[in-house]
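Please read each point with the structure open beside you.

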Amino acid sequence: MNKPAGHTCSQFRSHLGCILLLLFCLAPVNAQQREATLSVQVLDAAGNAPLEGVQVAIRECRCGGITDRDGRYSRVLPQGSYSVEFFYLGFQGVQRQVDLRESVDLVVRMQEQAEELSEVVLRARRIAENLESPQMGALELEMQEIKKIPMAAGEFDVLRGMTLLPGVNNAGEISNGLSVRGGSLDQNLILYDYAPVFNPTHLFGLFSVFTPEVISQVDLYRANIPARFGGRTSSVLDVKTRNPFPSKFKLNGGVGLVSSRLAIETPLIKDKLNLSLGGRAGFTDFLLPLFSERLENTRARFHDATMKLLWLAGENDQVALTGFYSWDFYQLDLITRIQDINAANNQYKFRTLNGTLAWTHVLDDSSTLRNILVASDYQPENIFPEAESDNEIRYNSSIRYLSLNSEYQRFVGEGLDWYAGLQAARYRIAPGSLDPGSGNSINPVELQSEHSYEFGAYANLNWSPLENLSLSAGLRLNHFVLVGPFTQPAFDPDTGNLIATTFFEDGAGVKTYNGLEPRLGLNYSLGEFTSVKASYARLNQYLQNLYNTTTPLPTSRWKTSDPLIGPQQSDAFGLGIYQGLADNEMEISLEGYYRASRNNLTYKAGADFFLEPYLQREVIQADGKAYGVELSFRKPEGKVNGWFNYTYARSFLRSNGTGLRERINDNDWYPSEFDRPHVFNSTVNFEGDLYNTWSFNFTLQSGRPYSAPNSVFRYQDIDIPIFLDRNNARLRPYHRLDFSWTVRYGKKLDRRWVGDWTFTIYNVYGRRNPFNLFYSQRQGGEFGDIFLESPLGAYELSVLNSPLFAITYNFSFD
């Protein structure tokens with residue numbers, strides 16, 4: 001709750017705090033103007049229970065806040081007439097006119113909106129926040145917006161929704177994550193209730209692992225990333241689950257072709273302990289042949305579950321425990337030989353088990369202390385059934401993460417707040433162990449584990465020194481330590497052969513890196529509906545994922561920084577202008593960015609690092625640059641609403657090696673795997689009436705780069721392609737149209753069971769978008785009219801070659 005500034009410098013623990021408070025107190029005021037206190041309490045109209053977290057917006061002063069756990073909010077204002085609005089997810093918005101000649105106590109009762117969330121009001125409010133906030137490059141999606149976007153097989157999804165926003169992309173129809181402003185997949189920090197998620201997708205990357213029914217909001221930071229986040233150089237995707245505050249048992253879910261979902265929310269101890277539990281399971285073996293004939297022998301299954309306990313320990317204490325479990329299995333016959341393993345097919349499964357314990361303590365009306373303990377365990381496994389044998393060869397790896405974070409946050413007054421915190425994290429990475437089973441043709445392999453620690457201290461200040469100027473300034477200090485047991489290799493600089501090793505005992509320090517990361521965002525208002533923003537951020541990354549395909553499965557390797565592989569680092573600059581239209585009911589924005597990066601990890605020519613004990617000799621670190629312009633238009637109101645955005649973006653890498661294998665494209669700049677010069681996305685919703693919504697989504701983008709052979713030579717009657725340049729050609733452009741129709745039924749607003757049907761067509765006109773391109777030896781003169789005299793044939797691999805139809809039933813019981 002915001003309060004007027006009236007604290008002394010003794011309450012601050014730094015000279016900076018005293019200086020900022022002094023400047024704030026010296027701001028001009030009208031001593032003759034009388035003031036009064038506006039006090040409100042917001043209650044649920046159904047049971048008179050207080051509503052915590054209700055957004056209170058006072059239009060005349062462009063100020064406001066949120067209600068506390070008792071549903072109360074108060075503010076001292078100059079005497080006058082005010083229009084006060086109240087917004088709460090799942091409830092009808094309320095507006096009150098208040099004549100504040102003297103102090104007023106106001107009680108507001110909000111009606112739950114059973115049929116439709118107040119999405120228009122919520123989106124319009126976010127437009128106003130975007131105009132006023134110094135945070136640049138931040139995108140937010142509510143689940144109700146994500147649910148409207150037509151998705152593959154009728155599944156609404158976080159990651160797929162994000163790819164329709166400016167500056168966000170993926171690697172194709174099957175992709176294990178996001179590329180943000182030209183960054184690689186592992187340069188995004190993905191958090192689910194503060195816990196990192198190392199593999200965020202189900203079903204080859206078609207869907208995310210986040211349990212849909214329990215998500216409250218999704219925030220993506222692409223520019224001046226807040227100082228509380230660190231460890232990745234491109235972006236932060238922060239997914240938050242909903243806090244359960246039910247007064248009675250609630251049930252909701254859905255039944256579809258790909259998966260079925262179920263979630264409950266219930267009080268366990270009235271006004272003390274609440275539970276939310278959601279789960280999803282998918283069995284899609286019968287659907288995969290519909291995607292492509294090449295997937296006839298492909299199998300896939302998955303499930304996930306999220307549990308959250310919320311304990312209201314006292315008037316000033318709240319404890320939340322979140323548990324998350326995800327499991328996937330799939331089988332491919334497209335990959336049958338990896339290194340010396342001759343398999344009938346390739347099976348892959350992975351498990352994620354995360355836990356988050358968060359304790360929030362309210363010190364007073366303007367300050368809180370939050371302590372968060374996080375544990376994450378990610379275990380992927382490859383299974384290779386040997387051809388013409390019952391034996392299975394298994395390859396296991398794991399990442400175990402543990403962290404503790406403590407953060408103090410204080411609201412000094414209107415236009416001034418700050419937070420500071422400490423964080424300690426531990427990584428335990430097992431790169432892989434190969435178990436040959438009962439076979440004797442393959443030797444067992446145990447790759448060396450890596451143990452490291454990362455410590456961080458950070459602070460962030462949000463301040464409005466002038467009426468039309470606001471800033472967000474942050475600073476983060478990182479200290480990274482790699483410890484033993486560790487074997488450090490040394491290589492001959494000319495041949496790359498191993499010439500020596502140095503062994504470090506358990507717990508011995510191997511390598512230390514320090515990183516100082518300033519963050520800055522500025523917002524200058526040119527008028528009531530126009531603002532200009534600028535941003536800068538430096539970020540360091542000590543954990544990376546290496547892969548030599550656009551999808552980092554199934555043979556990718558996780559690697560921490562060591563004496564030979566330095567941490568990735570980036571400096572990102574941004575500038576944008578934002579214009580509200582039609583009384584802030586629409587927004588148009590133009591953002592430009594430039595990001596210079598160092599030590600981007602990529603593979604050498606001919607690299608094979610699946611069972612490589614010394615990964616350092618198969619990789620190089622390259623410089624990078626990414627730049628672009630993003631034009632976006634959003635219209636949240638009316639029967640027709642949605643957004644359009646166009647992005648011009650480039651992403652390049654450049655090696656600095658001297659040897660033949662270390663010189664990629666002769667050390668010239670070349671397009672990265674995520675270089676997309678042109679991307680256009682649009683989502684349009686037609687809300688015809690209370691019962692029908694039609695939605696269209698269209699995406700068009702430049703084809704991704706790939707490596708075409710420069711020549712061919714013949715060896716033992718086999719034509720072998722020669723690749724001298726990387727990413728020297730492009731696939732055909734990608735475009736796709738999707739459609740969905742949601743039908744709600746029933747006219748009784750007070751009914752307890754609410755349901756709707758959603759009919760979806762993904763890839764309406766059956767575009768055969770290329771996912772990859774491969775070369776094969778031609779047999780005789782086949783396809784001579786296409787390949788002419790070329791000894792090799794080039795073939796496109798497409799995942800979808802026809803429209804994909806789906807129908808889903810969603811329900812809610814209250």
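The numbered points below go from the whole chain down to single residues.

1. **Ground rules.** This is a predicted model, in which local features need pLDDT of at least 70 and side-chain atom pairs count only at pLDDT 80 or more, while totals for chains, interfaces and linings use all residues. Residues are numbered from 1 along each chain as its sequence is written, and side-chain values use heavy atoms, with hydrogens and water left out.

2. **The whole chain.** The chain holds 6 helices and 52 strands. Both are DSSP runs numbered from the N terminus: helices are H or I with at least four residues, strands are E with at least two. Of its 814 residues, 54% are buried. Buried means under 20% relative accessible area, exposed over 50%, and partly exposed in between (1.4 Å probe, protein chains only).

3. **Surface and contacts.** The accessible surface is about 35,100 Å², and carbon and sulfur atoms account for 56% of it. That area comes from the Shrake-Rupley method with a 1.4 Å probe; for residues, only the protein chains shown count as cover. Now take contacts (heavy atoms within 4.5 Å). Among those between residues at least 6 apart in sequence, 65% join residues at least 24 apart.

4. **The largest core.** Which residues touch the most other members of the largest nonpolar core? They are Phe198, Leu203, Tyr378 and Trp558, in a core of 24 residues. Strands 20, 21, 24, 25, 26 and 27 each supply at least two residues of this core. A nonpolar core is a set of buried Ala, Val, Leu, Ile, Met, Phe, Trp, Tyr and Cys residues joined through side-chain atoms within 4.5 Å. In soluble globular proteins, nonpolar side chains tend to be buried together.

5. Look at Trp558. Neighbours within four places in sequence aside, Trp558 contacts Phe198, Tyr378, Ile399, Ile429, Leu543, Gln544 and Asn545. Another core, of 22 residues, lies apart from the largest one; its members include Leu164, Leu165, Leu178 and Phe324.

6. An open sheet of 3 strands has the order 4-1-7, with mixed pairing. Strand 4 (72-78) and strand 7 (104-110) are at the edges with a single partner each, so one side of each has no neighbour in the sheet. The twist averages 25 degrees from one strand to the next. Axes here are lines fitted to C-alpha atoms, for helices over the stretch in contact, and angles run from 0 to 180 degrees between N-to-C directions. Strand 1 (35-44) pairs with strand 4 in the antiparallel sense over 7 bridges. Two strands pair if DSSP finds at least two bridges between them. Glu35 stands opposite Pro78.

7. **A hairpin.** Strand 45 (711-715) and strand 46 (718-722) run antiparallel, joined by 5 bridges. Ser711 is opposite Ile722. The hairpin has 2 residues between the strands, and Gln716 takes a positive phi near 50 degrees.

8. Is Arg280 buried or exposed? Arg280 counts as buried because its relative accessibility is 3%. Arg280 lies in strand 19 (273-283). Its side chain reaches the backbone oxygen of Ser208 at 2.9 Å and that of Phe210 at 3.3 Å. Leu268, in strand 18 (259-269), is partly exposed at 47% relative accessible area. Beyond residues up to four places away in sequence, Leu268 touches Leu273, Asn274, Leu275 and Leu309.

Note on methods
A polar contact is a pair of N or O atoms within 3.5 Å; within protein, one must be able to donate a hydrogen and the other to accept it, and residues adjacent in sequence count only if both atoms are side-chain atoms.
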